[in-house]
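Take a look at the chain shown here. This report covers its domains, its packed helices and its pockets.

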Amino acid sequence: MALIEISELHPGVRQLTFNRPDKLNALSSPLMAEFDAALEDAAGDPGVRVLVLRGAGGKAFVAGADIAEYQGDKRAEFIAYQMNSRRVFDTLERLPKPVICAVDGFALGGGFEIAMCCDILIVSHDAQLGLPEGRLGLSPGGGGTQRLVRAVGKYAASDLMLAGWRLSGQRAFDLGIAAEVTDDLDTAVLQRARACLKIAPLAQAEMKRLMREGFDAPVETAKSYEQEVLFRLYSTADGQEGIDAFLEKRAPAFRGE
Ligand code: COA
């Protein structure tokens with residue numbers, strides 16, 4: 001049975017489901033290898049316009065790294081696992097397509113780190129998001145400390161990491177992490193995915209890169225990147241098609257060029 005289940009939710013919308021429900025979809029090494037390959041495939045497939053991530057079983061999105069693999073001070077394997085996770089999570093964050101993350105139940109440790117690498121989070125009311133690594137005597141290793149503090153600031157981040165507090169779906173929404181909190185994840189995910197399909201793909205890829213690279217650059221430099229992108233997009237076929245379609249009162253037919 002596949003540890004990452006791949007399905008087509010809607011034309012152009014691929015869903016990857018973490019499929020290890022008996023272990024709350026914990027990120028074992030074999031699961032990470034399948035996830036890595038599935039991301040590479042989605043990135044290179046022009047038929048995939050939007051990616052959706054979910055967890056199987058209804059109890060968890062992903063409950064973090066597989067703690068059983070950590071036992072016994074296997075330092076070399078531990079470091080290799082962490083380096084690989086960091087690379088895979090960075091690949092996810094840099095995917096030049098919108099990624100929607102649907103969180104039902106637990107998104108802990110590496111599970112929350114994965115969610116934070118996505119673009120749009122839809123969470124259920126019973127979602128529980130957190131970075132509980134400190135309870136194991138450890139700390140996050142897949143970028144979680146840095147992405148969380150940038151997303152919510154030092155104080156909310158400290159509550160999660162130093163007190164091990166978990167965010168409910170509602171609190172994740174209130175903090176601006178989640179775009180929507182709902183008990184009908186299927187409908188909300190499809191609605192967002194279909195909305196993403198209406199945005200020009202090159203514009204999406206560029207806006208993702210601008211948000212990521214501009215965030216840590218001096219603001220005037222970032223504003224220059226922004227204008228370079230806009231001037232480039234303006235002269236693309238899709239840029240002209242979007243303007244023509246608006247003026248001709250029709251839906252644009254974007255081709256990603
Ligand atoms: N790694 C390995 N196995 C895990 C796991 C993880 N991160 N999270 C859950 N599991 C396993 C449990 O060991 C259990 O397996 P078993 O049935 O063979 O004993 C199964 O998944 C169900 O989990 P369980 O703990 O019984 O469910 P619960 O509802 O009582 O508690 C959690 C749920 C999420 C609070 C609890 O499983 C937990 O704290 N998990 C670890 C979270 C974590 O620290 N993540 C960061 C890792 S660095």
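## How helix angles are read

An axis is a line fitted to C-alpha atoms, for helices over the stretch in contact. The angle between two axes runs from 0 to 180 degrees and is taken between N-to-C directions. Two packed helices are described by this angle and by the distance between the axes. Keep in mind that the model is predicted.

## Helix α3 and its two partners

Start with α3 and α4. Their axes come within 10 Å and cross at roughly 120°. Angles over 145 degrees count as roughly antiparallel, and 65 to 115 as roughly perpendicular. The α3 helix is therefore oblique to α4. On the α3 side, the residues that meet α4 are Phe 112, Glu 113, Met 116 and Cys 117. On the α4 side, they are Gly 144, Arg 147, Leu 148 and Leu 160. This contact divides into five nonpolar residues, one polar and two charged.

Now turn to α2 and α3. Helix α2 covers residues 75-94, and helix α3 covers residues 110-117. Their axes come within 8 Å and cross at roughly 30°. The two helices are therefore roughly parallel to each other. From α2, the contact takes Phe 89, Leu 92 and Glu 93. From α3, it takes Gly 110, Glu 113, Ile 114 and Cys 117. Here the division is four nonpolar, one polar and two charged.

## Helices α7 and α8

Which way does α7 run against α8, roughly parallel or roughly antiparallel? Helix α8 spans residues 219-234. The two helices pack at an angle of about 170°, and their axes are 10 Å apart. That makes α7 roughly antiparallel to α8.

The α7 side of the contact is made by Leu 202, Ala 203, Glu 206, Arg 209, Leu 210, Glu 213 and Gly 214. The α8 side is made by Ala 222, Tyr 225, Glu 226, Val 229, Arg 232 and Leu 233. By type, the contact has seven nonpolar residues, one polar and five charged.

## The largest pocket

Where does the largest pocket lie? Domain 1 and domain 2 both give residues to its lining, so the pocket lies between them. The volume of the largest pocket is about 1,200 Å³. It is lined by 32 residues, and the closest to its centre are Glu 93, Met 116, Cys 118, Asp 119 and Met 211.

Several elements each supply at least two residues of this lining: α2, α3, β7 (120-123), α4 (144-162), α6 (185-197) and α7 (201-215). The largest share comes from α7, with seven residues. By type, the lining of the largest pocket divides into 16 nonpolar, four polar and 12 charged residues.

## The second largest pocket

The second largest pocket has a volume of about 490 Å³. Its lining has 29 residues. Which of them are the closest to its centre? They are Ala 63, Gly 64, Ala 65, Ile 67 and Leu 136.

Helices α2 and α3 each supply at least two residues of this lining. Helix α2 gives the most, with five residues. The lining of the second largest pocket divides into 15 nonpolar, eight polar and six charged residues.

Technical notes: Residues are numbered from 1 along each chain as its sequence is written. This is a predicted model: local features need pLDDT of at least 70, side-chain atom pairs count only at pLDDT 80 or more; totals for chains, interfaces and linings use all residues. Side-chain values use heavy atoms; hydrogens and water are left out. Helices (H or I, at least four residues) and strands (E, at least two) are DSSP runs, numbered from the N terminus. Angles under 35 degrees count as roughly parallel, over 145 as roughly antiparallel, 65 to 115 as roughly perpendicular and the rest as oblique. Contact means heavy atoms within 4.5 Å. Ala, Val, Leu, Ile, Met, Phe, Trp, Tyr, Cys and Pro count as nonpolar, Asp, Glu, Lys and Arg as charged, and the others, Gly among them, as polar. On a 1 Å grid over the protein atoms alone, a cavity is a set of points where a 1.4 Å probe fits but cannot get out, and a pocket is an open set with protein on both sides within 12 Å along at least five of seven lines; lining residues have an atom within 4 Å of a point. Grid points are joined across faces, edges and corners, and a volume is the space filled by probe spheres set on the points. Domain bounds come from an automatic or database domain assignment.
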